[in-house]
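This report concerns one chain of a predicted model and its contact with a partner chain. The structure is shown below.

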Amino acid sequence: MKKLAFALSLMAFAGCMTSEISRTTNGVEGDGPESHLLTVEVENVGWYMFDYIPLLCGDPQGVNKVSSVMFKNTLTLQNNLDELMRIAQREGSYTLGSMMSYETSESVWVFFVSRHAYHTSATLMRKR
Amino acid sequence: MLMSGCYSIQVASSQDFSNCRLAAEEDRIPAGHMLVQNEGWFLFDKLPIVCGNANTESWFPWTFFSDEVSMDYVQKAIVRRAKVRGERIVQMNAINHNQTLITLPGTQGFSVPYIICHHKTQISVVFLKAAEPAELPVIVDEVADVEDVAEMDEIADMEEVTYMEVAE
C-alpha cells in the first residue's frame, strides 16, 4: 500500500509533455484562402526546486505517455515548437495561424518547489 | 534571490518551421518563434521593488525600484532582433499575469491582498524572414570581338580628349 501511495504521489508530481488536438471546427471557415483543419495545444510541465533546479520535467520523446526526465530542463520553446511541427507534418498541414506561447507557474512555500508549464498553441490550416 | 524577478528570452526555430507558411503571409517564410517574459515584485501593487533587468547587455540580472515588467521593456528584445535582421513581426500576443494574494511566511496561511504582488508580462511573436531583394534584370554581356574592343578604346580616347578640350 505504501509503495502504491509512493508511486501515485510520484506520478502526481511528475513532469509530463502532452499535446491536445481539437478537430471540431463545425464548418467554420478560416480567414483568407485557408480553412481550419485543427487546433493544437502543446504543454510541457516540469517541477523545480528554488525555481531553477529541475527535478522532473516532461520527456519530449514521450509525449502523452506520462514520461519524465530527471534533473534535466526540457521546458524550452524549441521542444514545444518541434512537437507542433511533428503534428503539422503528421496531419499534412503547412499553414499555421494564431500561434502563441506562454508560461504558467505556481509554487509551494514561495519558491521552494515550483511547477512550471510551457504552452504553445496554433491552428493548423489547409488550402480550400 | 528567491524573491527576485527574472527577464528571459527564448527563441525557437527549425527547418520544418521554415517550410511552413503562416496564414495570410504566403509570401514570407517564418524565421523563428520568440517568447520574452519579465517578472517582478511590487509593493501595494504599484511600487516596484525588484524586477528582472530588461537590459540584456548589463551583467546584473535585476533592477531595483524600476518597473521593467511593463510591455515597453519586454518588447525591446523583440524589436531589436527584428531591426537587426530586417525581419517582420507577426502574430504578437501579450499576457499580463498579476498575483495579488501571496501568502508570506509567518502569516499562518493568511494572505492580505495588494501588499506584496507579483507581476509577470509575456509576449510571444513569430518572425518572418526579410523579403528577398527584387530580382534585377541580368544583363548578359556578349563576348566582344577584338576589333570591337579596339574601336571602343578609340572612342573612349576621343571622348577623353573632347572632355579635356571642354575643360580647358
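How many helices and strands are there in chain B?

## Overall composition

Chain B contains three helices and seven strands. Along the sequence, these elements follow the order β-α-β-β-β-β-α-β-β-α.

Chain B has 168 residues, of which 26% count as buried. Among the contacts in chain B with a separation of 6 or more, 61% are between residues 24 or more positions apart.

## Helix H2 of chain B

Helix H2 of chain B covers residues 71–85, 15 residues in total. The distance from its first C-alpha to its last is 22 Å, close to the 21 Å expected at 1.5 Å a residue. A kink of about 30 degrees is centred on B:Ala77. Just after H2(B), B:Gly86 adopts a positive phi of about 70 degrees.

The buried residues in H2(B) are B:Tyr73, B:Val74 and B:Ile78. Their cover includes three strands of chain B, namely S3 (30–43), S6 (88–99) and S7 (116–128).

## Contact with chain A

Chain B contributes 23 residues to the contact and chain A contributes 26 residues. On the side of chain B, the elements that give two or more residues are strand S1 (7–12), helix H1 (15–19), strand S2 (21–22), S3, S6 and S7. By class, this side has 12 nonpolar, nine polar and two charged residues.

Strand pairing also links the two chains: strand S5 of chain A (residues 95–108) and S2(B) pair in the parallel sense over two bridges. Within S2(B), B:Leu22 is the bridge partner of A:Leu96.

Conventions. Residues are numbered from 1 along each chain as its sequence is written. Chains are lettered from A and ligands numbered from 1 in the order in which they are written. This is a predicted model: local features need pLDDT of at least 70, side-chain atom pairs count only at pLDDT 80 or more; totals for chains, interfaces and linings use all residues. Helices (H or I, at least four residues) and strands (E, at least two) are DSSP runs, numbered from the N terminus. The expected span of a helix is 1.5 Å times one less than its number of residues. The bend at a residue is the angle between axes fitted to the seven residues ending there and the seven starting there. A residue is buried if 20 or more other C-beta atoms lie within 10 Å of its own, exposed if 12 or fewer, and partly exposed in between; C-beta atoms are placed from the backbone. Two residues are in contact if their C-beta atoms, placed from the backbone, lie within 7 Å. Ala, Val, Leu, Ile, Met, Phe, Trp, Tyr, Cys and Pro count as nonpolar, Asp, Glu, Lys and Arg as charged, and the others, Gly among them, as polar. Two strands pair if DSSP finds at least two bridges between them.
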